[in-house]
Every structure is written in C-alpha cells, then in structure tokens.
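Visitor: I am new to reading protein structures. Could you walk me through a few features, one at a time?

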Amino acid sequence: MSTALTFRELPYARESLATVLATTGAIGEGGVVANSVVITDATLFYPHGGGQPGDQGVFITADGRTLRVLDTRKGDNGQVHHLLDPAHGLEAGQSVTQQIDWERRYAHMRMHTALHLLSVIVPHGVTGGSIGAERGRLDFDLGEASFDKDELSERLNALIAADYPVTSEWISEAELDARPELVKTMSVAPPRDAGAIRMVRIGDVDYQPCGGTHVASTAEIGPIQVASIKNRGARNRRFTLVWDETAEEQA
C-alpha cells in the first residue's frame, strides 16, 4: 500500500493522525541498524527530493510517547519512509499523531518558492540546486552571460513584494512532452506520478514542474538577497540566496 501524501494537499498542516502500516530496520555503515523505517498510511512529512530536504518532527503515540522523526525519504511503490530511532516500539496498526518541525518546513517552503523566482530572472538552464532553511542555491548553465547580484536581489524582491499567488495543478505527460520549454532543469527529469505531472504556477510569471512544497503567496517569502555568484566550471555559475535579515529588522 502506498502512502497518501497529505502534505501535498495540505502544505500548511502541522499535525495529523496516521496509522502505522509497517516498520523495518535500516542498515547504516558497517551493517549496523542505525535507525528504523516507519511507514504510515498517510503523511505530513515531505520526503527528500527535488533539492528539498526531508521533513523532521515527531510521532506522538496513543499512550503519550514522543518519538523523533530524524528524516523522511522516498520508499518503493509510492511509500514514504520515516526514519526513527530503532527503539521506537511502534507496530503495524497503531495510530500516531504526526507533528512536523513547522519552522524548518516553512523556511523550506519560502526558500523553494524564492528559487523558482530566481529561475525567472536568470532565464538559463538549471544544472543543480538545493534548498535549506537558511540558504538555497541554483546552478545555471550561463555560457557567456553575466549577472550582478545586487541588481538580481532588487529584481527578486520586487517579484516577492508583488504578492503573486502560488498554486499547483496537474497535466498529462503528453502535455508536458509537447511543451519541453516548461522544464528548466537540464540534468534531472521532472517527477512523473502515474502518468501525471504536478505543475506549480506563480501568478503569470512562472509555470514549471515541481513536486515540492511552496508558500501560497510570494509575499510570504520575505526579504531575500543574492549572497554570491560563483564559478562552478567553464559554463556553470552557482547563485546562492540567503534571508535579508537587515531588511527584516527594519520592517
């Protein structure tokens, strides 16, 4: 049985009930059981993928025990693996209350949406990227093009302040294949879910495949800045975003 992705329809939910389907040991270095995989029928926890880290948080059992979820990963057959300490004591059929580390997740949502906007103002192929609670990055195949980080920061914050709505929808694989320009990533194919592609739309400025979590409006991102643009090869440049704490303090 696959895991229902509650986080996809309810990205702002912080707590939800779920039922344990199965538990298995996860072997770490040296053959040692480093943690245990817990699979539930539904999850609020985003599993690592698309540059976005897996969610952390806790499971609270019916008898009041609090169990830390150390990481979340994709499993086979549509299952989501929650990594817990092996001494969790959970068994199939038990109910748990899932609580995500909301502050961390919300920072990921804000940064993820900011990176989509960065791809708007740097219209070149994306060769890599990662999302963090404090910073995020995208690598671009720029060729001979060059950009000024201060000018980019100004343009990025203008898009953020415009308060564009952020929504998602689904299209068929055939529709995406007919419009290859929608795919900005050069090395990673967009996630395909049973023949359907999840698309994220930011107002009328961006529309691209994405399986991650996002804020509902660009204004939620808050002030941000392009901290650096660094060479990562003959054609590749790495653009790093960080929160503009000075602007936040002045607001």
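Guide: Gladly, and we can begin with a salt bridge, meaning a side-chain nitrogen of Lys or Arg within 4 Å of a carboxyl oxygen of Asp or Glu. Here Asp 139 pairs with Arg 137 in a salt bridge, and their closest N and O atoms are 3.0 Å apart. A word on the source: this is a predicted model, where local features need pLDDT of at least 70 and side-chain atom pairs count only at pLDDT 80 or more, while totals for chains, interfaces and linings use all residues. Residues are numbered from 1 along each chain as its sequence is written, and side-chain values use heavy atoms, with hydrogens and water left out.

Visitor: Is Asp 139 buried or exposed?

Guide: Buried means under 20% relative accessible area, exposed means over 50%, and partly exposed lies in between (1.4 Å probe, protein chains only). Asp 139 is buried, with a relative accessible area of 8%.

Visitor: How many salt bridges does the structure hold?

Guide: Side chains of opposite charge can pair when their charged atoms come close. The structure holds nine salt bridges. One of them joins Lys 184 and Asp 206, at 2.6 Å from N to O. Lys 184 sits in the loop between α4 (173-178) and β12, and Asp 206 in strand β13 (residues 206-209), so this pair ties together parts 22 residues apart in sequence. Helices (H or I, at least four residues) and strands (E, at least two) are DSSP runs, numbered from the N terminus. Both Lys 184 and Asp 206 are buried. Salt bridges with shared partners also join Arg 137, Asp 139 and Arg 238 into one network.

Visitor: Which strands hold Arg 201 and Glu 169?

Guide: Those two side chains, Arg 201 and Glu 169, meet in a salt bridge of 3.4 Å, N to O. Arg 201 is in strand β12 (residues 196-202) and Glu 169 in strand β11 (residues 166-172), so the pair links parts 32 residues apart in sequence. Arg 201 is partly exposed at 31% relative accessibility, and Glu 169 is partly exposed at 27%.

Visitor: What about the nonpolar core? How many residues has the largest one?

Guide: In soluble globular proteins, nonpolar side chains tend to be buried together. A nonpolar core is a set of buried Ala, Val, Leu, Ile, Met, Phe, Trp, Tyr and Cys residues joined through side-chain atoms within 4.5 Å. The largest has 41 residues, and Phe 59, Leu 118, Ile 224 and Leu 241 have the most contacts inside it. Helix α2 gives the most to this core, with eight residues. A second, separate core of six residues includes Ile 171, Leu 176, Ile 197 and Met 199.
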